[in-house]
Amino acid sequence: MNYSNGAAKGVVLVTGGSGFIASHIIDSLLDDGFKVVATARSNEKGRIIVESATPARRSNLSYVVVRDVAEENAFDTAFTQEITFDYVVHTASPYHLNVQDPVEDFLDPAIKGTTGILKSVLTYAPTVKRVAITSSSAAIINPLNHAKVYDETCWAPWTLEDVKDPNKAYVVSKTLSEKAAWAFIETEKPNFDLVVINCTYTFGPVQRNLPSLEGMNASNHRIRDMLQGKMKEDMPSTAPVFTFVDVRDVARAHLRAITVPEAGGNRFYIVGGHFSNKRIVDSIRKWYPKFEGLLPPENAPDDFSDGVYTFNNSKSVKVLGLEYTSLEKSVKDTVESILDLRPDIGNLKKAI
Ligand code: NDP
């Protein structure tokens, strides 16, 4: 495969290629005519990323191994191969619920990974025109004192001090890594510009290469758990996040982050609407009645209230041209993808 001359639209390095969001970004980029090099933590994961792509997409997809984004110079090998990159999309960052050491498990890969890739682009990839980074609504929302309406001007309040509470490891990692990215641009004034995608809680079809339900991305867990009957007796509170977005909209946001010239230098709050656990259950019940015996009862209370914060996503609509997917469609398609992976999940005996 020759990447040296690029493709009609260019060559993109996508970090964290095995991930849920990255898998959809890769599909979007390939469908739009880009060539993609995905980073993977091992050759095995890299091979799976390429092999699970549809044949039409596969010929424009390859991988490079980046074992740990927290390591010093982790990305240098990606940029010292004979590939001329035009864009970088950096998604790799830990997002899971298993916090052992907040600094080692979350802060280091998030912050060092972000500054590390920017440094490597600056040093080795002068052809890169733009870097898009997947931040999060976690870098926008202030649960200690909610704004009435959130938009891109809002910043979460987290500082290093906050990781003393391990439950805050993820939100601190996303806030500080995004701040580090903007500070890098301010200080280094590189030839490339930066776009940041602050997506909120993301649902949507699981990636084709998912080995098992256990390996599923954290934000789809609640839908999986509902299908497994784990919320039948006791539906947990939806808080703290009441906003969702479909992963295909998140992927389009990244695609447009690199293709829309005016996007440069901006952060975008990518949010499709409000949700609650009850609203998800209602959508599952409507489209997949066979799960009735596993779901919370129809009259279970909805913890969504008028007091829940709201959002303004007009910048993403205007600049990136996004049209957001409804919760109902997102849930319906997520369940369909889970059924593709585990057709027996609706079977009461086997599923629980
Ligand atoms: P996944 O867990 O599916 O993907 C995370 C990716 O990052 C995986 O490819 C993982 O590799 C890689 N990764 C994690 N740590 C390291 C490391 N130390 N070195 C190298 N690679 C690493 O999560 P999502 O797809 O959900 O998340 C992707 C991005 O989107 C993250 O930045 C996350 O913060 C952000 N985001 C996610 C939201 C959501 O609701 N899902 C909402 C807002 C933002 P491996 O699989 O090999 O461990």
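Does Val131 count as buried or exposed, and at what relative accessibility? Here are some notes to read with this predicted model open beside you.

1. Start with Val131 itself. You will find Val131 in strand S5, which covers residues 130-134. Val131 counts as buried because its relative accessibility is 0%, and the cut-off for buried is under 20%.

2. Now look at what surrounds this valine. Leaving aside residues up to four places away in sequence, Val131 touches Val88, Leu118, Val121, Phe192, Asp193, Leu194 and Val195. Take Leu118 from that list: Val131 and Leu118 are 13 residues apart along the chain, and 8.0 Å separates their C-alpha atoms.

3. Next, move along to Thr200. Thr200 sits in the loop between strand S7 (193-199) and strand S8 (201-203). Thr200 has a relative accessible area of 4%, so this threonine is buried.

4. The side chain of Thr200 has polar partners that you can pick out on screen. Another, of 3.3 Å, runs from the Thr200 side chain to the side chain of Ser137. With residues up to four places away in sequence not counted, the residues that Thr200 touches also include Val241, Phe244, Val245, Ile270 and Val271.

5. Then turn to the ligand. There are 27 residues around the ligand, and Ser18, Lys45, Thr91, Tyr170 and Lys174 come nearest. The shell is made up of ten nonpolar, twelve polar and five charged residues. Helix H1 (20-31), helix H6 (169-188) and strand S8 each contribute at least two residues to this shell.

6. In the side chain of Lys45, an N or O atom is 2.6 Å from an oxygen atom of the ligand. For Lys174, a polar side-chain atom lies 2.8 Å from a ligand oxygen. With Thr91 it is a polar backbone atom that is 2.8 Å from an oxygen atom of the ligand. Taken alone, the ligand exposes 880 Å², and the protein buries 89% of that area.

7. Finally, step back to the whole chain. How is the protein chain divided into domains? Domain 1 takes in 11-208 + 245-270, while domain 2 takes in 213-239 + 273-308 + 326-347. Taken over C-alpha atoms, the centres of domain 1 and domain 2 are 27 Å apart. Where the domains meet, twelve residues of domain 1 are in contact with 17 residues of domain 2.

Note on methods: Residues are numbered from 1 along each chain as its sequence is written. This is a predicted model: local features need pLDDT of at least 70, side-chain atom pairs count only at pLDDT 80 or more; totals for chains, interfaces and linings use all residues. Side-chain values use heavy atoms; hydrogens and water are left out. Helices (H or I, at least four residues) and strands (E, at least two) are DSSP runs, numbered from the N terminus. Buried means under 20% relative accessible area, exposed over 50%, partly exposed in between (1.4 Å probe, protein chains only). A polar contact is a pair of N or O atoms within 3.5 Å; within protein, one must be able to donate a hydrogen and the other to accept it, and residues adjacent in sequence count only if both atoms are side-chain atoms. Contact means heavy atoms within 4.5 Å. A residue is near a molecule or strand if one of its heavy atoms lies within 4 Å of it. Accessible areas come from the Shrake-Rupley method with a 1.4 Å probe; for residues, only the protein chains shown count as cover. Ala, Val, Leu, Ile, Met, Phe, Trp, Tyr, Cys and Pro count as nonpolar, Asp, Glu, Lys and Arg as charged, and the others, Gly among them, as polar. Domain bounds come from an automatic or database domain assignment.
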